[in-house]
Amino acid sequence: MSAAALPATARPAGGGRRPYAGTGALYRLALRRDRVLIPLWVLGIGGLLAAGPPGLAALYSTAAERAQAAAGMSGNSSLRALYGPVLDDSLGALVVWRYGVVAAVLTAVMSLLLVVRHTRDEEESGRQEMVSSAMVGRRAPLTAALLTAVTANLAVALVATAALGGEGPRGALAHGLALGATGLLFAAAAATAAQLTESARLARGLGAALLGAAFVLRAAGDAARDDGSSPLTWLSPLGWAQNIRPFAGERWWVLALFAAATLALAALAHTLAARRDLGASFLAARPGAPEGRLGTPGALAWRLQRGTLLGWTLAFAPAAVLFGSLADGAGALLEDDDSTREILIRLGGEQAITDAFLAAMTGVLGILAALYAVAAVLRLHTEETAHRAEPLLAHPVGRLRWAAGHLLIAFAGPAVLLTTAALGLALGHGRDLPALLLGCLAQLPAVWTLGAVAFTLYAFLPRAAPAGWAIATLCLLIGWVGPVLDLPAVVMDLSPFTHVPKLPGADPNWAPVAVLVLVAAAVLAAGLARLRRRDLLT
């Protein structure tokens, strides 16, 4: 954005007299940049909720069936940990139970990415320094980013309300506001993280860690109590969202908790932004490695990515232990619930119910490992857009050698994560480790395929590289929601995870796994060939 596009009457930030000058122009610029990204997120979340009523109505066609299913699911700690408590047996309440947590997590992720993109990302790339040299107030960029998040979350709230409006306007409005409030809270948390950390990668990592902690607290609290009243549930913003109780006697006062926490975090972010220099952070960077430690591109890639891998590993371990501890409860629930049994079989295969549950959980952990692979691959894009790759490649370092270090971590890192997941599942469930290890590592070819696709997209269309996240998210939705909605095979086959064996318990077919490995290798080779020839971003 040129300085001419900013308000001519605004005073420089250094004057300190108009800290919000230029906010409107930056807000319009952010909306223009996200004119495709925000609608995709909003329509995706709205489509997920809109598909819920017809899908669940087909499974539970009568009030008696819904009441029976709600009673069974509410009494099962395994499903409460995954989806939350069933607070009513109406169709609207069942839709919120089944999709509410997923929609809230997706809304939070959207908000985290938007705020970091328009704050720390801009500083790291150097664009914010150029913009701030014009008539822009010190707090304007952060305020514009938060206004962008407000707009996106307002759109989510409206679309979610419209999607569930047929089940009752009060409940639909309550759920829409719950999603929007959750998104705004995590947007404010991301704004604070962007002030504390030195890079966009760390800011996103800190935000993701907060979201993961919120999910684990809610899951542990809901597993303990069937009405959402556990203190652990009330420690989590995701627990607040479900305690608004859409379609189950709405508690509008819970929105005040969201408002207070959001305003407090936003105020903290603005205070921190006013007290630091552009590009600086409150959490100081560690000193660089001693001379000789970073003598190769691979060593540099490991230095840059090891913290992220450690964070993901520490997140995988407790999640896997939790999933493993819940496996036995799945069988007890489904003895008399044929509809839910059918859903779990679609998720985890035709084997025994406990094995099907564990197979479904290995699939979820595999998709999460794919998100890590995409993040590790896109570190190449970050290095290039931040102009750190160009001086490195000016030395006798080839592009393929530079990329190989990051790709090795992107492809080996998921193996570490899934091995950790197998250990956690075995610890939580007490099952033999080899069977669970095989089930987890069977996800690797699908993970590698998505990593290869993300890398090749970056190699051919570097400016569109973030679309790798959209592809991974689409596979997440197909794998997690597709079996419930009984989507056609042609849709399910779009995800590589559909083609890996559902282990433990099933008789595996390794032919599709071999095909996925070959596909990943071919796609990766195409990306490397393109990266070797194209110009770097300038």
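Of the 538 residues of the protein, 51% count as buried, where buried denotes under 20% relative accessible area, exposed over 50% and partly exposed in between, with a 1.4 Å probe and protein chains only. The structure is a predicted model, in which local features need pLDDT of at least 70, side-chain atom pairs count only at pLDDT 80 or more, and totals for chains, interfaces and linings use all residues. Residues are numbered from 1 along each chain as its sequence is written, and side-chain values use heavy atoms, with hydrogens and water left out.

The protein contains 25 helices and zero strands; both are DSSP runs numbered from the N terminus, helices being H or I with at least four residues and strands E with at least two. The accessible surface amounts to about 22300 Å², and carbon and sulfur atoms account for 65% of this area, as computed by the Shrake-Rupley method with a 1.4 Å probe. Contact is defined as heavy atoms within 4.5 Å. Among contacts between residues at least 6 apart in sequence, 75% join residues at least 24 apart.

A nonpolar core is taken as a set of buried Ala, Val, Leu, Ile, Met, Phe, Trp, Tyr and Cys residues joined through side-chain atoms within 4.5 Å. The largest such core has 122 residues, and those with the most contacts inside it are Leu56, Met73, Leu179, Met361, Leu425 and Phe455. Helix H6 (residues 91-117) gives the most to this core, contributing 17 residues. Another core, of ten residues, lies apart from it and includes Ala174, Ala178, Trp240 and Phe258. When residues up to four places away in sequence are not counted, the residues touched by Leu425 include Ala320, Val321, Phe323, Leu358, Leu365 and Cys440.

Helix packing was examined for helix H20 (residues 399-429) and helix H25 (residues 511-533), whose axes come within 10 Å and cross at roughly 145 degrees. Axes are lines fitted to C-alpha atoms, for helices over the stretch in contact, and angles run from 0 to 180 degrees between N-to-C directions. In this pair, Arg399, Leu400, Ala403, Leu407 and Phe411 of H20 meet Leu524, Leu528, Leu531, Arg532 and Arg533 of H25. By class, the contact of H20 with H25 comprises seven nonpolar, no polar and three charged residues; Ala, Val, Leu, Ile, Met, Phe, Trp, Tyr, Cys and Pro count as nonpolar, Asp, Glu, Lys and Arg as charged, and the others, Gly among them, as polar.

Individual positions were also considered. Thr192 is found in helix H10 (residues 169-196) and counts as buried because its relative accessibility is 8%. Leaving aside neighbours within four places in sequence, Thr192 is in contact with Leu265, Leu268, Ala269 and Leu272. Gly47 belongs to helix H2 (residues 37-50) and is classed as partly exposed because its relative accessibility is 36%. The C-alpha atom of Gly47 is separated by 8.6 Å from that of Ala160, although the two residues are 113 residues apart along the chain.

The loop between helix H13 (237-243) and helix H14 (254-274) holds Arg245, and Phe247 also lies in the loop between H13 and H14. Arg245 is not a glycine, yet has a positive phi of about 60 degrees. Phe247, likewise not a glycine, has a positive phi of about 65 degrees. With a relative accessibility of 15%, Arg245 counts as buried, and Phe247, at 12%, counts as buried as well.
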